[in-house]
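The sequence and structure are shown first.

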Amino acid sequence: MSIISTVNRCVDSVGNNTQTLSWTLLRVLGSAMFMTHGWPKMFGTQAQPFLGGMGFFGIDVGVNMLWVAGAIELFGGALLLLGLFTRYAALFAAVLMVMAYLTAHPAWFPTLNNGELATLYFLVYFAIFAIGPGKISLDYLIRGRS
């Protein structure tokens, strides 16, 4: 057996044995960082008011959309961190990141418009929505499935 085959087997083994841990770390750490964007919008020194303020694509809907974004980032992020109602929270977070990208980063390419973070959060939460919370989550503990 060649050295390359041995190395490939070792790498595959480590990768297969760390799937649950790596998925959990992606969900938990990604959500903890997501929450840091919501906290200042909800409770920071310049917290967003519930009413008035930023509209939705130029339409005044009565509710400040930055407050809505902060609520999804903070409380949705907490649900994602715990792995509770994961698919619903991930869907809201992914849609929020599409909205953030379209409103705050109008150029088409993320590195040209500082939209990398919104793009990466969208990809993380879309993947979590598609695949589920994983085995180390409250959803798995309660429902017995990821």
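In this predicted model, helix 3 has 18 residues and spans 25 Å from its first C-alpha to its last, close to the 26 Å expected at 1.5 Å a residue. Helix 4 has 19 residues and reaches 26 Å between its first and last C-alpha, close to an expected 27 Å.

**Helix 3**

At the start of helix 3, a side-chain oxygen of N64 comes to within 2.9 Å of the backbone nitrogen of L66. Further along, helix 3 bends by about 25 degrees at G76. G76 is also one of the buried residues of this helix, which are A69, G70, A71, I72, E73, L74, G76, G77 and L80. Helix 2, helix 4 and helix 6 are among the elements that cover them. Just after helix 3, G83 has a positive phi of about 75 degrees.

**Helix 4**

The buried residues in helix 4 are T86, A89, A90, A93, A94, L96, M97 and Y101. They lie on the same side of helix 4 because they cover an arc of only 160 degrees around the axis. An α-helix has 3.6 residues a turn, so residues three or four places apart point the same way. On the other side of helix 4, Y88 and F92 are exposed. The cover over the buried residues of helix 4 includes helix 2, helix 3, helix 5 (110-113), helix 6 and helix 7.

**The nonpolar core**

The largest nonpolar core has 17 residues, and F34, L80, L96, M97, Y125 and I128 have the most contacts inside it. Two or more residues come from each of helix 2 (19-43), helix 3 (65-82), helix 4 (86-104) and helix 6 (116-131). Helix 4 gives the largest share of this core, seven residues. Leaving aside residues up to four places away in sequence, M97 touches F34, E73, A118, Y121 and F122. Of these contacts of M97, E73 is listed among the buried residues of helix 3.

**D139**

D139 lies in helix 7 (residues 138-143). Is D139 buried or exposed? D139 counts as buried because its relative accessibility is 7%, and the cut-off for buried is under 20%. A polar atom of the D139 side chain lies 3.0 Å from the backbone nitrogen of F85.

Definitions and conventions: Residues numbered from 1 in each chain as written. Predicted model: local features only at pLDDT ≥ 70, side-chain atom pairs only at ≥ 80, totals over all residues. Heavy atoms only, no water. Core = buried A, V, L, I, M, F, W, Y, C linked by side-chain atoms within 4.5 Å. Buried < 20%, exposed > 50% of the residue type's maximum accessible area, 1.4 Å probe, protein only. Helix = DSSP H or I, 4+ residues; strand = E, 2+ residues; numbered from the N terminus. Contact = heavy atoms within 4.5 Å. Polar contact = N/O pair within 3.5 Å; in protein donor to acceptor, adjacent residues only side chain to side chain. Expected span 1.5 Å × (residues − 1). Arc of directions from axis to C-beta. Bend = angle between axes of the 7 residues up to and from the residue.
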